[in-house]
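Student: Please take a close look at the salt bridges in this model and the parts of the chain around them.

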Amino acid sequence: MSIYTPQRRGPVFVALAYRIEDAAAAIGISRSTLFEYIKDGRIPSRKIGASTVIRHCDKEAFVDAAPLSVATIKAQANQ
């Protein structure tokens, strides 16, 4: 039995910005939590027309700035 997996051709694009619903899902938080973080200034947002968007680099920076979990800190201490 074989499973057919089509191969992509050409470049794979990363979105420059995400609408609120997509950014929240990508980060793993709710829409309302993301709006709270925007209001608090924890993650910047932009307005493009009627849409509020989060830039890809801002989404990554937000996640990178989050504190490490206790389990990760303990594992790093044991190395």
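Student: Is Arg46 buried, partly exposed or exposed, and at what relative accessibility?

Tutor: This is a predicted model, in which local features need pLDDT of at least 70, side-chain atom pairs count only at pLDDT 80 or more, and totals for chains, interfaces and linings use all residues. Residues are numbered from 1 along each chain as its sequence is written, and side-chain values use heavy atoms, with hydrogens and water left out.

Arg46 counts as partly exposed, at 36% relative accessibility. Buried means under 20% relative accessible area, exposed over 50%, and partly exposed in between, with a 1.4 Å probe and protein chains only. The side chain of Arg46 meets that of Asp58 in a salt bridge, at 3.9 Å from N to O. A salt bridge here is a side-chain nitrogen of Lys or Arg within 4 Å of a carboxyl oxygen of Asp or Glu. Because Asp58 lies in helix 3 (residues 56-65) and Arg46 in strand 2 (residues 46-48), the pair ties together parts that are twelve residues apart in sequence. Helices (H or I, at least four residues) and strands (E, at least two) are DSSP runs, numbered from the N terminus.

Asp58 is buried, with a relative accessible area of 12%. Asp58 also meets Arg55 in a salt bridge, at 2.9 Å from N to O. Arg55 is partly exposed, with a relative accessible area of 32%. Through shared partners, the salt bridges join Arg46, Arg55 and Asp58 into one network.

The structure holds four salt bridges. Another one of them pairs Arg31 with Glu21, whose closest N and O atoms are 2.9 Å apart. This pair links distant parts of the chain, with Arg31 in helix 2 (residues 31-40) and Glu21 in helix 1 (residues 20-27), ten residues apart. Arg31 is partly exposed at a relative accessible area of 43%, and Glu21 is partly exposed at 44%.

The axes of helix 1 and helix 2 come within 9 Å and cross at roughly 100°, which makes helix 1 roughly perpendicular to helix 2. Axes are lines fitted to C-alpha atoms, for helices over the stretch in contact, and angles run from 0 to 180 degrees between N-to-C directions; those from 65 to 115 degrees count as roughly perpendicular. In the contact (heavy atoms within 4.5 Å), Ile20, Glu21, Ala23 and Ala24 of helix 1 meet Arg31, Leu34, Phe35 and Ile38 of helix 2. The residues of this contact divide into six nonpolar, no polar and two charged.

How values were computed. Angles under 35 degrees count as roughly parallel, over 145 as roughly antiparallel, 65 to 115 as roughly perpendicular and the rest as oblique. Ala, Val, Leu, Ile, Met, Phe, Trp, Tyr, Cys and Pro count as nonpolar, Asp, Glu, Lys and Arg as charged, and the others, Gly among them, as polar.
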